[in-house]
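Visitor: I am new to this model. Please show me how to read it, feature by feature.

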Amino acid sequence: MIENNFKMSDEQHLSNLDKQTVFKRPAEVGAVSPDSTSIGLHENIAGSLAYLLGFFTGFVLLLIERENRFVRFHAIQSIYLSISFLIVFVIMGMLPVVGWLSGVILSPIGLVLWIILMLNAYNGKYSKIAYIGEIAEKQAH
């Protein structure tokens, strides 16, 4: 068995604790940074999470977040966009050949759009989808 010969004095160990970020305390216990939400996440992370599970996470964030317009905008846009895609998939899926073709075409488009919207929200951008983005912007206020 290999023995650990590295030893650190208690004084040296304790003096390094305040330099580690895990042990630092904020200046005020209830301090919220300007770009934080009421749920404690940064607005770009919460906006990105709105798209994670489509309308489900959109509804959850919309119910929880009452103040941050950025998060509310992305939550509303996520709800409308995912419900629109769901309706199109269901309606087109009822048609025999056209439904299969539309699924093959719309699935990659939806995936790419989902990734772009999540990345734009994470980067702090308002990315409006045609018609849906305008409705979401009006309702986010």
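The dialogue below goes from confidence to helices, cores and single residues.

Visitor: What should I know before I start?

Guide: This is a predicted model, where local features need pLDDT of at least 70, side-chain atom pairs count only at pLDDT 80 or more, and totals for chains, interfaces and linings use all residues. Residues are numbered from 1 along each chain as its sequence is written, and side-chain values use heavy atoms, with hydrogens and water left out.

Visitor: What average pLDDT does the protein have?

Guide: pLDDT is the predictor's confidence in each residue, from 0 to 100. Here the average is 80, and 76% of the residues score at least 70. Among the elements, helix α4 (residues 69-93) has the highest mean, 91. Helix α1 (residues 10-15) has the lowest, 54.

Visitor: Over which residues does pLDDT stay under 50?

Guide: Where pLDDT is low, the predicted coordinates should not be read in detail. That stretch is residues 22-32. The model gives it four contacts beyond four places in sequence. Contact means heavy atoms within 4.5 Å.

Visitor: How many helices and strands are there?

Guide: Both are DSSP runs, numbered from the N terminus: helices are H or I with at least four residues, strands are E with at least two. This protein has six helices and zero strands.

Visitor: How far does α5 reach from its first C-alpha to its last?

Guide: Compare with the expected span, which is 1.5 Å times one less than the number of residues. α5 has 27 residues and reaches 39 Å, close to the 39 Å expected. There is a kink of about 25° at leucine 106, shortly before proline 108. The bend at a residue is the angle between axes fitted to the seven residues ending there and the seven starting there. Just after α5, glycine 124 takes a positive phi of about 85°.

Visitor: Which elements do the buried residues of α5 pack against?

Guide: Buried means under 20% relative accessible area, exposed over 50%, partly exposed in between (1.4 Å probe, protein chains only). The buried residues of α5 include Gly99, Ser102, Gly103 and Gly110. They pack against α2 (43-49) and α4. Over the protein, 28% of the 141 residues count as buried.

Visitor: Which residues make up the largest nonpolar core?

Guide: Such a core is a set of buried Ala, Val, Leu, Ile, Met, Phe, Trp, Tyr and Cys residues joined through side-chain atoms within 4.5 Å. The largest has eleven residues, among them Ala46, Leu61, Phe73, Ile79 and Ala140. α3 (55-64), α4 and α6 each give two or more. α4 gives the most, five. A second, separate core of seven residues includes Leu117, Met118, Ile129 and Ile132.

Visitor: Is glutamine 77 buried or exposed?

Guide: Glutamine 77 sits in helix α4. It counts as buried because its relative accessibility is 0%. Its side chain reaches the backbone oxygen of serine 127 at 2.9 Å. Leaving aside neighbours within four places in sequence, glutamine 77 is in contact with residues including Tyr51, Leu117, Lys128 and Gly133.

Visitor: Where is tyrosine 131 found?

Guide: Tyrosine 131 lies in the loop between α5 (96-122) and α6 (132-140). Its phi is positive, about 65°, although it is not a glycine. Tyrosine 131 counts as exposed because its relative accessibility is 66%.

How values were computed. A polar contact is a pair of N or O atoms within 3.5 Å; within protein, one must be able to donate a hydrogen and the other to accept it, and residues adjacent in sequence count only if both atoms are side-chain atoms.
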